[in-house]
Structure formats: structure tokens, C-alpha cells
Amino acid sequence: MTMSPADSADTAEGLALHQIGVRFGGLVALDGVSLRVPPGRTVGVIGPNGAGKTTLFNVICGFVAPTTGALTLDGRPLRPRPHRLARLGIARTLQGVGLFAGMTVLENVMVGAEHAGQRPEAAREALERCDVASHAHALPGGLPYAVRKRVALARALVAQPRLLLLDEPAGGLGADEIAQLGELITGLPCAVLLVEHHMDLVMSVCDEILVLDFGKPVAHGTPSEIRMNEAVADAYLGAAA
Ligand SMILES: Nc1ncnc2c1ncn2[C@@H]1O[C@H](COP(=O)(O)OP(=O)(O)O)[C@@H](O)[C@H]1O
Ligand SMILES: [Mg+2]
């Protein structure tokens, strides 16, 4: 299916955030954030530290209730709850890794297949997609960090989600590993919401990008539009100063 950004703005399919606001006491973490993640598309959310990226992720996962605004899935109201995400076809990886130390790689991925049909087959397929099938019977503790992150990704993919949420998947990875991750993300059949501060990764894999600064949307567009946007440069230069 091909879809231009203009078309996707008119369809109710997929996840949509409508004017989301989040306050923590006096601190405004998100303010008037609207975003759509249509089926099959990869949407990036970038911004300096403290911009509200993880808060946005937590709103979608149901860890944080929005103070204002609403979410919809296929046009229907959505009140996300963490334990119900899998049933909605939404999977996520956590910042960091979060594997069970006492279980093999394969067993860890099977945990993610709890609701899926043919478990071992699905687990193998997810491991292969993430290029870690050769580690199936190893314990995670002895594996390099980049491999463990891929196993965590396989665990999220095993249930064949329609939407995958990734919070800083490139964190702690080297340049080559980030490039490999980019290829993997590009090849995924599902929609992806990528929260990340590695600009290169976001620019190479996303169809569209939302830029947040102090909780506010400051830009939204294709990677090339974002690259040329002055407000984006200002937000990042401001953070680096
Ligand atoms: N649970 C919380 N309680 C209070 N303040 C929070 C909480 N979570 C995040 N914040 C604050 O909200 C702002 C946005 O944080 P966050 O979403 O983690 O940003 P990012 O992921 O873009 O670095 C920051 O100022 C942060 O300190
Ligand atoms: Mg964060």
C-alpha cells in the first residue's frame, strides 16, 4: 500500500493522538501533541533531553494518563492499559534491555508469544528476523549488549504486532550496530513509532518525524523537511549549549 502524508492525515486507520497534554504538578511535559501512526508507516519522535519523548511513549502504553486530549485506534477511542496492549496488537521494547536472566534467548522470546498461535515457530522466525537465531539456547547474561537488545526486539515482534513502539532502541549501540538496527526497522511489516535522539537513525528509517521541544510540537514533516527546518536546529543547538 502506498500512501502520501496528505492521504494518511485523512484516514482514521491506525493509532492517533489528539492534542495530548501531560502535566506533572507544575511541569508541562506535553502540550497539544497530535500525531498519527498509519498502518505500515514508521513515525519518529525526536527532541532534546526532557522534550517529552518518553512521556509520549508512556501515554501510548498507558503508564501515564494524559491530562488533556485523547487517543484513538482505527478511529475508536483508546484508553491504553499496559497489560492490554498485546491484545490490541501493540508491542514495545523498553529503554535498556529487560530480559529474564534465568531463561534462554528462545525462552525469553516465547514469553512474548504468550498470545500468539504457533509459539516455537513464531519465536524462531522473530529470532531470525533480528539475526540472533544462533544464540537461541544461550543465556542472555553472557551475550554482548547489542545482541541482547536484538533479542528484546525479537520478543516484541514475536506476537506479530501491527504497531511496534521503540523507545531509544539505539541507546548504548555503536555506529555499525545502529546502521544494522536501521535496516532491521526498515524491513519490518508493521507500523513503528520510534522515539530516539540519534538523528541519523531517525532520518534514515522514518517516513515522517515529529519534533518536540519542552513538550511542544515544533515541527512535523518528512526527514528532508525536518533536516531543513530552522526551529529544529534551534531546539538542538539550544540543548547543546
Ligand atoms: N513521572 C514524572 N514525574 C515528574 N516529572 C516527570 C515524570 N516523567 C517525566 N517528567 C519530566 O517531564 C519532562 C519530559 O521528560 P521525558 O518525557 O522523560 O523526556 P525525554 O524522554 O524527551 O528526555 C522532563 O522535564 C522530566 O523531568
Ligand atoms: Mg526519554
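Me: Two strands pair if DSSP finds at least two bridges between them. By how many bridges are strands β7 and β8 joined in this structure?

Reply: The model is a predicted one. Strand β7 covers residues 163–167 and strand β8 covers residues 191–195, and the two run parallel. Within this pairing, Leu-163 stands opposite Ala-191 in β8. Pairing requires at least two bridges, and the number joining β7 to β8 is five.

Me: In what order do the strands of the six-stranded sheet lie?

Reply: The six strands make an open sheet with mixed pairing. Its edge strands are β6 (90–93) and β10 (216–221), each of which pairs on one side only. From one strand to the next, the twist averages 15 degrees. Read across the sheet, the order is β6-β7-β8-β3-β9-β10.

Me: At about what angle does helix α5 run to β6?

Reply: Helix α5 is formed by residues 145–157. The helix lies across two strands, β6 and β7. Angles here are taken between N-to-C directions on a scale from 0 to 180 degrees. For α5 against β6 the angle is about 170 degrees.

Me: Which residue in the hairpin of β9 and β10 takes a positive phi?

Reply: Strand β9 (residues 208–213) and β10 run antiparallel and are joined by five bridges. In this pairing Ile-209 stands opposite Gly-221 in β10. Two residues lie between the strands of the hairpin. The positive phi, near 50 degrees, belongs to Phe-214.

Me: With which residue does Lys-216 form a salt bridge?

Reply: The count for the structure comes to three salt bridges. In the one formed by Lys-216, the closest N and O atoms are 2.8 Å apart, within the 4 Å limit of the rule. The pair links distant parts of the chain, 185 residues apart, with Lys-216 in strand β10 and its partner in strand β2 (residues 27–37). That partner is Asp-31.

Me: Which strands of the four-stranded sheet have one side left without a neighbour, and why?

Reply: This sheet is open, its pairing is antiparallel, and its order is β2-β1-β4-β5. A strand at an edge has a single partner strand, so one side of the strand is left without a neighbour in the sheet. The strands in that position are β2 and β5 (76–78).

Me: What angle does the direction of helix α2 make with that of β1?

Reply: Strand β1 (residues 15–24) pairs in the antiparallel sense with strand β4 (residues 68–73) over five bridges. Ala-16 stands opposite Thr-72 in β4. Helix α2 (residues 53–61) packs on the sheet and touches β1, β2 and β4. Its direction and that of β1 make an angle of about 115 degrees.

Me: How far apart are the centres of domain 1 and domain 2?

Reply: The domain assignment gives domain 1 as 5–89 + 162–240 and domain 2 as 97–160. Contact between the two involves 17 residues of domain 1 and eleven residues of domain 2. Taken over C-alpha atoms, the separation of the centres is 25 Å.

Me: What share of the area buried between domain 1 and domain 2 do carbon and sulfur atoms give?

Reply: Two residue pairs are in polar contact across the interface, both at pLDDT 80 or more. The area buried between the domains is about 980 Å². Of this area, the share given by carbon and sulfur atoms is 69%.

Me: Which element gives the largest share of the side of domain 1 that touches domain 2?

Reply: Across the interface there are two residue pairs in polar contact. On the side of domain 1 that touches domain 2, the elements giving two or more residues are β7 and α6 (175–186). The largest share is four residues, and the element that gives them is α6.

Key: Residues numbered from 1 in each chain as written. Chains lettered and ligands numbered in written order. Predicted model: local features only at pLDDT ≥ 70, side-chain atom pairs only at ≥ 80, totals over all residues. Heavy atoms only, no water. Contact = heavy atoms within 4.5 Å. Domains from an automatic or database assignment. Buried area = accessible area lost by both parts, 1.4 Å probe. Polar contact = N/O pair within 3.5 Å; in protein donor to acceptor, adjacent residues only side chain to side chain. Salt bridge = Lys/Arg side-chain N within 4 Å of Asp/Glu carboxyl O.
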